[in-house]
Amino acid sequence: MKRRFYVWHRYLGIGLSLAFALWFATGVVMLYVQFPILTPAERLAGLPSLDLSRSRISPAAAVERAGLSMPPRRMRMGMLLDRPIYYVLPSEAPWQGVYADDGQVLTAIDATTAGRVARRHAPAGARPALLGEVETIDQWTLTNSLNLHRPLYRFGLDDDLGTELYVSAKTGEMVMRSTRSERLWSWLGTIIHWGAPLILRERVWAWRQAMLWLSGAGILLASTGLVVGLLRYRRRGYLLKGVDATRRFASPYVGVKRYHHWAGLAVGLVGLTWITSGFLYLNPGGSRQGPLSTTTQMTPFSIGGVRASTSARPGQAEAMRGGPLAASLWVDSPASAWTRVPASMAARQGRLPKEVELRRFAGRPYYEFRFGAFETVTVAADGKGDAPFVRHPVNALVAQARQVVRGRLASAELLESYDAYYYSVGPGARRRLPVLRLTFDDPVTRLMYVDPHTGSIARAYDTHAMVMRWVVFGLHCLDFPFLIRNRPAWDITVIGLSLGGLVLSVSGVVLSWRRVSPGRR
């Protein structure tokens, strides 16, 4: 059996040592460079201020003009060039646009109009050049959220950063931005790490099966390596032929083999946990499309058909709202609601909003005026004239959450900082604070985080999801609270272990080449 372990490890290493070297190296790149994404802050920063004086169409009329028979999933108002427009998201269709000044339905955006939008988001003096139309996906628009905006127009800016912009042909909004540096580092990081070049990501099933088999074989390689490394380790050491007999070694090897042995003993267990958690992240036994199919850090997945999601369960989001987004509930117009917002409010600070979203909480309709990613003011829209506010009262949030979860509420706390299950780490991963943490004695929902600014569920955990937070994300990203709260301790730990893994895998590459080299006897 020992001999079999040696043989298995040797030939698995020949096939996978290079892949492990790439995984360790690209993992370090991913600590600091994310896959290109248009963050909410960047998106809102490029939008013009809302001209609510030109808004004459009510939300109910906009939904009627859009031809929806059911209440929409989402509804918001922005500016398309110089005209206010409602963006309506039906239950089973992409975004639709209805101009708020005359009720005209937005049928499609042509390339000329898309170019004008791109020019608004470009630096002064830049002239966007149309590079093509993306009907389905390209290398930089893999996320499923963009399916609601496709097809996309791709523009290149003649600037020093090599910026490219994507504009939706459905809504006329800029939905993606990337720079030459981001694209380069994504190839050296995320794309290689996840084996996700476009030719594979266009064939999701083949990509997923390839990654599952590759990572599964990696688990065998790391496991057999640990066994072999321990079998060859001797506490009393070895007396090596041709070496001073007074020197004792715990490893029987010399040269590159010795480096490989020591590195395996030092970081082999970490390498095993990384490849195993990466395998589980691919959702074996499920149908998830992969890590690049969503923009969220923690995504829904299942292990063997068991749900382990941090999103609200079906029906919970609507229960928190107190019903669907029935546009007829919005009695006040966005313009009249905005007049009730005093200029003295800290969130407003004399500025005009960039966007307004229709939200419902506990049955009542609200307008959420946005100035930035985390700068909002909420105004009731049911005609009762309530004062504007920034956050819903905690007691109202708790009362509504009790209607959503059947189990007993064990505790409720408004967090001003992150905890072990609601946290932020890595580039572009900031989450909004404060957040209301609710703990329940309920098998379906053990832990719930509610955003008091919107009244919506930010995260929800059952017992299985809480376990998988540590088994998958904790072991793969090492995002343990005592590390991420004391950066650069997290950076030093991850980089140090990755360098050890790089020594292990690169030495494996050298040994593999020696084994298969044509000149070897």
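**Cavities, sheets and helix packing**

Q: How many residues line the largest cavity, and which lie nearest its centre?
A: The largest cavity is lined by 16 residues, and those nearest its centre are Leu47, Pro48, Met79, Val117 and His121. The model is a predicted one.

Q: What is the space in that largest cavity?
A: The largest cavity holds about 170 Å³ of space.

Q: How do the residues of its lining divide?
A: The lining of the largest cavity has eight nonpolar, four polar and four charged residues. Two elements, β1 and α4, each supply at least two residues of this lining.

Q: How many cavities of 30 Å³ or more does the structure hold?
A: It holds two cavities of 30 Å³ or more. The second largest cavity has a volume of about 30 Å³.

Q: Which residues line that second largest cavity?
A: Its lining consists of Arg359, Arg360, Phe361, Tyr366, Glu368, Thr378, His392, His453 and Thr454. The elements giving two or more residues to this lining are β11 and β12, and β11 has the largest share, with three residues. By class, there are two nonpolar, four polar and three charged residues in the lining of the second largest cavity.

Q: In what order do the strands of the seven-stranded sheet stand?
A: The order in this open sheet is β4-β3-β2-β1-β11-β12-β13, with antiparallel pairing. Strands β4 (105-106) and β13 (375-380) are at the edges with a single partner strand each, so one side of each has no neighbour in the sheet.

Q: How many bridges join β2 to β3?
A: Four bridges join β2 (residues 83-89) to β3 (residues 96-99), and the two strands run antiparallel. Tyr86 stands opposite Val98 in β3.

Q: Which helix packs on that sheet?
A: Helix α3 (residues 59-66) packs on it and touches β1, β2, β3, β4, β11 and β12. The direction of α3 makes about 125° with that of β3.

Q: Turning to the sheet of four strands, what is its order?
A: The order is β5-β6-β7-β8, in an open sheet with antiparallel pairing. Each of the edge strands, β5 (129-134) and β8 (174-178), has a single partner strand, so one side of each is left without a neighbour in the sheet. From one strand to the next, the twist averages 20°.

Q: Over how many bridges do β7 and β8 pair?
A: They pair over four bridges, in the antiparallel sense. Glu164 has Ser178 in β8 as its bridge partner.

Q: Which helix lies across these strands?
A: Helix α4 (residues 111-121) lies across β5, β6, β7 and β8, and runs at about 50° to β6.

Q: And the second largest pocket: which residues lie nearest its centre?
A: Of its 35 lining residues, His9, Arg10, Val228, His260 and Leu511 lie nearest the centre. The space in this pocket is about 930 Å³. Helices α1, α7, α8 and α14 each supply at least two residues of the lining, with α1 giving the largest share, ten residues. The lining of this pocket divides into 15 nonpolar, 13 polar and seven charged residues.

Q: How do the axes of α1 and α8 cross?
A: The axes of α1 and α8 cross at roughly 70° and come within 13 Å. That angle makes α1 roughly perpendicular to α8. The contact is made by His9, Phe20, Trp23 and Phe24 of α1 with His260, Gly271, Trp274 and Ile275 of α8. The residues of this contact are five nonpolar, three polar and no charged.

Definitions and conventions
Residues numbered from 1 in each chain as written. Predicted model: local features only at pLDDT ≥ 70, side-chain atom pairs only at ≥ 80, totals over all residues. Heavy atoms only, no water. Pairing = 2+ DSSP bridges. Axes fitted to C-alpha atoms, helices over the stretch in contact; angles between N-to-C directions. Contact = heavy atoms within 4.5 Å. 1 Å grid on protein atoms, 1.4 Å probe; cavity = no way out; pocket = protein on both sides within 12 Å on 5 of 7 lines; lining within 4 Å. Points joined across faces, edges and corners; volume = space filled by probe spheres on them. Nonpolar A, V, L, I, M, F, W, Y, C, P; charged D, E, K, R; others polar. Parallel < 35°, antiparallel > 145°, perpendicular 65-115°, else oblique.
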